[in-house]
Amino acid sequence: MKKIGTNTFKLDDLISIVSTASIVGPKESDGPLKEYFDKCVEDEFWGEKSWEKAESKFIKEASISALNKSSLAATDIDCIFSGDLLNQCISSTFGMRDSNIPFYGIFGACSTFCEALSLGSVFIDAGANNVLCATSSHFCSAEKQFRFPLELGNQRTPNSQWTVTGAGSVVLSRNGKGPFITHFTPGVITDMGIKDANNMGAAMAPAALKTLITHLSDTGRSPDYYDMILTGDLGYVGKDILIKLAAEQGYDISNVYNDCGVLMFDQAKQDTHAGGSGCACSATVFSGYIYKLLVEKNISKVLLIATGALMNATSSQQGESIPGIAHAVAIEL
Amino acid sequence: MSHVDSPKEYQKFIEKESPNSPIVKNCFRAFWVGGLICAIGQLIYFYCTSKGLDNTSSSTVVSICLVGLSAFLTAINVFNRIGKFAGAGSLIPITGFANSIVSPAMEYKSEGYVMGVGAKMFTVAGPVLVFGISSSVILGIILCLFA
């Protein structure tokens, strides 16, 4: 691995994504990508007593599924990198507590999926053979922690996004036929003073812009080098903002760019306002949809930029603005 | 010149880029649903007085009925849909108050009856109670002093 440019790392070893798995909840199962997910769960509780327990089950089952598809045994996995949105990452830790695999719980809000892929790649580059990366989120547990009770009769603003219920899991290996992680660009925390917790897309777009431009200038690539540039969960509002901001900097991304939160739901039919969000948004869209496009060779070069809003309920109540972050991972055949 | 040069510039740009809530539509819905809820209350009131209850008792029966109905509709996952449609129309009458107590009670049942339901029941309605009661105390004192 070597550093190129200001903030990008180029991986010399071929780090292969050998398998992925995605499990989603009922609303995601009605969305445009339903046929790409491995499992669609019709009950938000998934037979558990609480949403938190259900979310742990999502990440556990997605990880078991990814492991089974990779034909590796649990003992072959050197380390897990996993994270979610709940306090102290309990979905990940409770989901993985029976795994008996070395575990690192990580937090990057909704950017956690790319954070996990980056750290997993570094781990393999440093000598590990196989690493499992997983993230989850759950609409109900996220609403409970960050906003209001579900049964409260309030109105959502047009900018608000819908936390994706589900989990995505991938197995990285030094032995595999690809797709390969070739570069990653860790993001810097970017805060443009947005305080509206219902407008995450606007809060995170500048972070995505910074990471995107850093990645492109470090690698000397143009946006068109990629078949697809995908942000994690900027949603409709953030997506439009990013296209405009990138154009101001001289990068026309409109032909290749989309957002996982935009792809996840049908905005007109599903009443999801500005689109999907959450750790599971980029994880399930990548694990379910994008990975299949890569394996079937419909596309060969993807830049995935998972975006995160690094705030909590207390910081919002104390009037703090919302710092954004975005981590980019380049995946190529 | 870029819109991310300064936070001030960016916030101005965001205001332009972000869609606004449909205020006229929301106001119209709030008006007629809120009016309907009040009309239902008035009908209950007329019924009570026609049966011979005095005015104060009739008002109490109206409150009990609307709170009970709102709590029931919250429990069967209907009130949040009414609230989503009507906004302040169902929030401002006493129905909204009942909903704001029942909904966290349901949500936090998984944390037990004491630290869950009991402790969290007033997370939404608590501030309304605190400042409602405080302001009525202050008004009461003013009334005592000047009346």
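Biologist: How do β9 and β14 of chain A pair, parallel or antiparallel?
Modeller: Antiparallel, over five bridges. β9(A) is residues 180-185, and β14(A) is residues 324-332. Keep in mind that this is a predicted model.

Biologist: Which residue stands opposite His183(A)?
Modeller: Ala330(A), in β14(A).

Biologist: And how many bridges link β13 to β14 in chain A?
Modeller: Nine, again in the antiparallel sense. β13(A) covers residues 301-309. In that pairing, Val302(A) stands opposite Ile331(A).

Biologist: How many residues of β14(A) are buried?
Modeller: Eight of its nine, so the strand is mostly covered.

Biologist: Which residues other than glycine have a positive phi?
Modeller: Gln88(A) is one of them, at about 60°. Asn100(A) also has a positive value, near 60°.

Biologist: Where do Gln88(A) and Asn100(A) lie?
Modeller: Gln88(A) is in the loop between β4(A), residues 79-83, and α3(A), residues 90-96. Asn100(A) is in the loop between α3(A) and β5(A), residues 103-105.

Biologist: Is Gln88(A) buried or exposed, and why?
Modeller: Exposed, because it has 10 C-beta neighbours inside 10 Å, and 12 or fewer counts as exposed. Asn100(A) is exposed as well, with 10 other C-beta atoms within 10 Å.

Biologist: Switching to chain B. At what angle do α2 and α3 pack?
Modeller: About 135°, with the axes 9 Å apart. α2(B) is residues 23-50 and α3(B) is residues 55-75. The two are therefore oblique to each other, since roughly antiparallel needs an angle over 145 degrees. α2(B) passes α3(B) in a right-handed crossing.

Biologist: Which residues make that contact?
Modeller: From α2(B), Gly41(B), Ile44(B), Tyr45(B), Cys48(B) and Thr49(B). From α3(B), Ser58(B), Ser59(B), Val61(B), Val62(B), Cys65(B) and Leu66(B). They divide into seven nonpolar, four polar and no charged.

Biologist: Now the contact between the chains. How many residues does each one give?
Modeller: Chain A gives 27 and chain B gives 30. In chain A, α6 (200-219) and α7 (235-248) each supply at least two residues of the side touching chain B.

Biologist: Which element has the largest share on the chain A side?
Modeller: α7(A), with five residues. The chain A side divides into 13 nonpolar, nine polar and five charged.

Definitions and conventions:
Residues numbered from 1 in each chain as written. Chains lettered and ligands numbered in written order. Predicted model: local features only at pLDDT ≥ 70, side-chain atom pairs only at ≥ 80, totals over all residues. Contact = placed C-beta atoms within 7 Å. Helix = DSSP H or I, 4+ residues; strand = E, 2+ residues; numbered from the N terminus. Nonpolar A, V, L, I, M, F, W, Y, C, P; charged D, E, K, R; others polar. Buried ≥ 20, exposed ≤ 12 C-beta atoms within 10 Å, placed from the backbone. Pairing = 2+ DSSP bridges. Axes fitted to C-alpha atoms, helices over the stretch in contact; angles between N-to-C directions. Parallel < 35°, antiparallel > 145°, perpendicular 65-115°, else oblique. Left-handed = near helix turned anticlockwise from the far one by under 90°.
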